Amino acid sequence: MTSRISLKAAAKINLYLEITGNRADGYHDLVMILQSIDLCDRVDIRKIGTDEIQVACTNPEVPCDRTNLAYKAAALLQSSFPDIGGMEILIDKQIPMGAGLAGGSANAAAVLVGIDRLWDLGLTQSQLCELAAQLGSDIPFCVIGGTALATGRGEILSPLPDLTDLVLVICKHRQIAISTPWAYQTFRSQGLLVTSQARNQNLSSQMVAAIALNDESTPVKVGRLLYNDLERAVLPAYPQLVSLKNDLLNQECLGAMMSGSGSTIFAIAADFDRAQKIAEAVKTDDIDVWVVKSLARSIFDA
Ligand code: C5P
């Protein structure tokens, strides 16, 4: 009987994030286009002899108690399937925190998928997504991965054709970690919903059409259509991110944008060589940079 599993859990970026409404439950209605990228944590799950859930992480800044989303995912499955025993979850952290890359959500998705496989629970993808949605708005996407249109609070997914050949430069200021609730609250309290440039121009449909076309013009069109409403709430508070974005835009890229609630700023590059040059140009002691490709999946064997 298998007693352990090792999975990769991919980060995501938002190619598109439009806030379309304030919801009574405090959340926001969204239209997003999400993309998995090849920047992955490794999640090892090992069965142990007790009922305990133990979480450990290579990054000492990650809390390993009950507040960790990976812990919450394991506890949720234990409450639905009381026969599941305890486990040790080891997270090898590569995805930066407070980055808008869904690192914690990816870990939770890997735990759901890993426990399903380790204990042979036979859960369908839609059952896994239902459980994922109870844990966080972007965790269903982290279960499915690839390229997808997300609506509702982000949990209603429609797969799009895979954008497999996108080359991206991912930049994260070491000292800037942004809280997602803060970004949405700032957007709401500043009344930023009233102006929707994106809706007027039908930008989400244009990006879906560019992705559906799936030819050599797609990266250029996607680069031009990058959109994120949360930039209007976050960037005014972080001039360093504005200058990082400007530096990227000055580097012959196809487009640059903040991912999710930040603080990651990413650029789309025409090819790998260009991406390396952009990375070298913007990297400093304060800015971590990764050159990555888009991925057609999110949770896979390590
Ligand atoms: O769903 P999740 O717990 O990941 O969301 C984190 C926070 O992000 C929420 O507490 C809320 O402040 C904000 N959020 C939102 N609207 C969404 C998704 C998230 O306001 N659709």
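**Figure 1. Packing of helices H1 and H3 in the predicted model.** The crossing of the two helices is right-handed. On the H1 side, the contact is formed by Leu-69, Lys-72, Ala-73, Leu-76, Leu-77 and Ser-80, and on the H3 side by Leu-131, Gln-134 and Leu-135. By residue class, this contact between H1 and H3 comprises six nonpolar, two polar and one charged residue.

**Figure 2. The buried and exposed residues of helix H5.** Within H5 (residues 180-189), the buried positions are Ala-183, Tyr-184, Thr-186 and Phe-187. Viewed down the helix axis, these buried residues lie within an arc of 160 degrees, so they line one face of H5. Gln-185 and Ser-189, on the other side of H5, are exposed. The elements that cover the buried residues of H5 include strand E1 (4-22), strand E2 (28-47) and helix H9 (231-234).

**Figure 3. The buried residues of helix H7 and the residue that follows the helix.** Leu-203, Ser-204, Met-207, Ala-210 and Ile-211 are the buried residues of H7 (residues 203-213). Their arc around the axis is only 125 degrees, which places them on the same side of H7. An α-helix has 3.6 residues a turn, so residues three or four places apart point the same way. After H7 comes Asn-214, which has a positive phi, near 50 degrees.

How values were computed: Residues numbered from 1 in each chain as written. Predicted model: local features only at pLDDT ≥ 70, side-chain atom pairs only at ≥ 80, totals over all residues. Heavy atoms only, no water. Axes fitted to C-alpha atoms, helices over the stretch in contact; angles between N-to-C directions. Helix = DSSP H or I, 4+ residues; strand = E, 2+ residues; numbered from the N terminus. Left-handed = near helix turned anticlockwise from the far one by under 90°. Contact = heavy atoms within 4.5 Å. Nonpolar A, V, L, I, M, F, W, Y, C, P; charged D, E, K, R; others polar. Buried < 20%, exposed > 50% of the residue type's maximum accessible area, 1.4 Å probe, protein only. Arc of directions from axis to C-beta.
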